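The sequence and coordinates are shown first.

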Amino acid sequence: MVVAFLSIFVITPNPVLAAITCQQVTVAVTPCIGYARTGGTMPPDCCNGVRNLNSAAKNTPDRQQACICLKQMSSIPGINMSIVSEIPAKCNVNIGYPIAMSTDCSKVK
């Protein structure tokens, strides 16, 4: 009985850990990839994804994880991080931090 209780305790996620995953971030921003490479016309699905992601990042660990995942976009071939950094503003979304390689995601609140 004690083992079963301890197993449940160990398996239960810690509420202070991020609920956002990089997979969720990737799905949300995938419509932005073409724009992030060349600029041009902002796809409406890109802004919808940014808004949904911003709404899903409800606490500090979520926002920090989203920040880390967004910085990883720099590894996608052809991505222009200058364009990426402008996406939230072009979508009229305030994410609370700049998307830049210099952003310290541990300081995002």
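The sections below describe a predicted model, beginning with a helix and then turning to charged residues.

## Helix α4

Helix α4 comprises 13 residues, 44-56. From its first C-alpha to its last it reaches 18 Å, close to the 18 Å expected at 1.5 Å a residue.

Cys46, Cys47, Gly49, Val50 and Leu53 are the buried residues in α4. Viewed down the axis of α4, these buried residues fall within an arc of 160°, so they line one face of the helix. An α-helix has 3.6 residues a turn, so residues three or four places apart point the same way. The cover over the buried residues of α4 includes α2 (22-29) and α6 (81-90). Pro44 and Asn52, on the other side of α4, are exposed.

## The salt bridge

The count of salt bridges comes to one. A salt bridge joins the side chains of Lys107 and Asp104, with an N to O distance of 3.9 Å. Lys107 counts as exposed because its relative accessibility is 60%, over the 50% cut-off. Asp104, at 37% relative accessibility, counts as partly exposed.

## A buried lysine

Lys71 belongs to helix α5, residues 60-71. This lysine, Lys71, is buried yet has no salt bridge.

Technical notes. Residues are numbered from 1 along each chain as its sequence is written. This is a predicted model: local features need pLDDT of at least 70, side-chain atom pairs count only at pLDDT 80 or more; totals for chains, interfaces and linings use all residues. Side-chain values use heavy atoms; hydrogens and water are left out. Helices (H or I, at least four residues) and strands (E, at least two) are DSSP runs, numbered from the N terminus. The expected span of a helix is 1.5 Å times one less than its number of residues. Buried means under 20% relative accessible area, exposed over 50%, partly exposed in between (1.4 Å probe, protein chains only). The arc is that of the directions from the helix axis to the C-beta atoms. Contact means heavy atoms within 4.5 Å. A salt bridge is a side-chain nitrogen of Lys or Arg within 4 Å of a carboxyl oxygen of Asp or Glu. Lys and Arg count as positive and Asp and Glu as negative; His and the chain ends are not counted.
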